[in-house]
Amino acid sequence: MEEKTVYWDHDSGSIIFIEQTALPAEYRTVSCKSVERLAEAIRRLEVRGAPALGVAGAFGVALAAKLHDDSNMDSFLRLVREDADYLNSTRPTAVNLSWGINRTYESIKNAASPEEAAETALRVAEEIAAEDEMMCRKIGETGAKFLPDECTVLTHCNAGALACYTWGTALGVIRSAVEAGKNVSVISCETRPLNQGSRLTAWELSRDNIPVKTITDSSAAFLMKRGEIDAVVVGADRITHDAVFNKIGTYMHAVCAKHHEIPFYVAAPTSTFDATLSEKDVVVEQRDRNELAKCGDRLLMPDSVDAINYAFDSTPVELVTAIFTEKGAVRPPFSVDEILQRKVGI
Ligand code: MRU
């Protein structure tokens, strides 16, 4: 996929993003000129996927720095920090969002003027975007070597170009394997309730002419038992020393893959690793009941019934065969600190 998921348009001075809620019916982009609109887009999953949230958060800080022009640097920084915190509050689980926001905000703390701060923030946000592409390519090259020359890969949710600046993490592995001449077919779990798998992964891969079929999430174990899956490759929203957080349903695939002796791989940049928290401390986002209760205007459950709608789950690292990062592959058990300090995996 050539397009970038979220980027800065220098002519209009705004953030452009692909509106992912409109896919696959319609491909359209949004020109975003306010922090409020960006926060809404993140909350509504118009922009989603951990690395893309990091890039979006970084551009959000650049936008905030451009919009505030208080000549007093202390109050200017306070206003930008408020916007940064507001953006950060939109989705709690993917660590990349706060990572992108904080890295950009830190870069402007010593700026001499709001103009200088706005320029610096934009430069850093664009660096983060470019690094994301480079990291995805490296993750892809590393992961591709682990896939057999001919294989069927199951993936969950969308860890593709749409979830990053471009290329993708899990789908980056698949793209790199195809580029290297491997014959890879993909089984894309639909990923209830918001269908990132059937709407986004299937859309992306079919545009690239990579064979893809969609299944209901509950079909995965049966296909594994029938020998129709050779490997599972998924992305991640946060990786602690003891668990991988990713879209709800990932844990179920990991358990089933273990039972059927199928390798379970995670593809993620090091910006997804969190050295500060353990599995039990990570906030798992819970989303609106209506995501389950309705399909358009059609009611899918009685009004009187409540729903449990966690957006993510956590997979213990013991169930993970290997994690592909831009620094190489690591196998659990691992130390997040050592990975971040580039001591392992290369
Ligand atoms: O709720 P979403 O669509 O933002 O969830 C996205 C995922 O779970 C992805 O698998 C994850 O962010 C990795 S993206 C490379």
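Here are some numbered notes on this predicted model, going from its overall layout down to single residues.

1. Start with the big picture.

2. Now for the inside. The largest nonpolar core holds 106 residues, and Val61, Ala62 and Ala125 touch the most other members. Domain 1 and domain 2 both contribute residues to this core, so it lies between them. Have a look at Ala125: if you skip its neighbours within four places in sequence, its contacts are Trp8, Ala58, Phe59, Val61, Ala62 and Thr104. Val61 and Ala62 turn up in that contact list, and they are also named with Ala125 as the core members that touch the most others.

3. Next, the ligand. How many residues surround the ligand? There are 18, and the closest are Arg48, Ala50, Ala163, Gly235 and Lys247. Sorted by class, this shell has 10 nonpolar, 5 polar and 3 charged residues. Helix 2 (50-67) and strand 9 (243-247) each provide at least two residues of the shell. Where does the ligand shell lie relative to the domains? It lies between domain 1 and domain 2, because both of them give residues to it.

4. What does the record say? The unreviewed UniProt entry has a "binding site" annotation that covers Arg48, Gly49, Ala50, Arg91, Gln196, Asn246 and Lys247. Arg48, Ala50 and Lys247 from that annotation are also among the closest residues to the ligand in the model.

5. Arg48 is worth a stop. You'll find Arg48 in the loop between helix 1 (35-43) and helix 2. Arg48 has 26 other C-beta atoms within 10 Å, so it counts as buried; the cut-off is 20 or more. Leaving out neighbours within four places in sequence, Arg48 is in contact with Gln20, Leu53 and Ala163.

6. Gly49 sits in the loop between helix 1 and helix 2. Gly49 is buried, with 30 other C-beta atoms within 10 Å. Not counting residues up to four places away in sequence, Gly49 touches Asn158, Ala159, Leu162, Ala163 and Cys164.

7. Asp237 is in the loop between strand 7 (231-234) and strand 8 (238-239), while Asn246 lies in strand 9. Are they buried or exposed? Asp237 counts as buried, with 32 C-beta neighbours inside 10 Å, and Asn246 is buried too, with 30 other C-beta atoms within 10 Å. With residues up to four places away in sequence left out, Asp237 touches Ala50, Thr93, Ala94, Phe245, Asn246, Thr272 and Phe312. On the same terms, Asn246 touches Cys157, Val234, Gly235, Ala236, Asp237 and Phe312.

8. Finally, some backbone details to check. Most residues other than glycine have a negative phi, and most peptide bonds are trans. Cys157 has a positive phi of about 65 degrees although it is not a glycine. Cys157 is in the loop between strand 4 (150-155) and helix 6 (170-179), and is buried, with 30 other C-beta atoms within 10 Å. Asn195, also not a glycine, has a positive phi of about 60 degrees. Asn195 counts as partly exposed, with 18 C-beta neighbours inside 10 Å, and is in the loop between strand 5 and helix 7.

9. There are cis peptide bonds to find as well. One runs from Arg192 to Pro193, with omega near 5 degrees, and Pro193 is in the loop between strand 5 (183-189) and helix 7 (196-207). Another joins Pro332 and Pro333, where omega is about 0 degrees. Pro333 is in the loop between strand 15 (328-330) and helix 11 (336-340).

Note on methods
Residues numbered from 1 in each chain as written. Predicted model: local features only at pLDDT ≥ 70, side-chain atom pairs only at ≥ 80, totals over all residues. Near = placed C-beta within 6 Å. Helix = DSSP H or I, 4+ residues; strand = E, 2+ residues; numbered from the N terminus. Nonpolar A, V, L, I, M, F, W, Y, C, P; charged D, E, K, R; others polar. Domains from an automatic or database assignment. Core = buried A, V, L, I, M, F, W, Y, C linked by C-beta atoms within 7 Å. Buried ≥ 20, exposed ≤ 12 C-beta atoms within 10 Å, placed from the backbone. Contact = placed C-beta atoms within 7 Å. UniProt positions renumbered as here; feature names shortened; annotations may be inferred.
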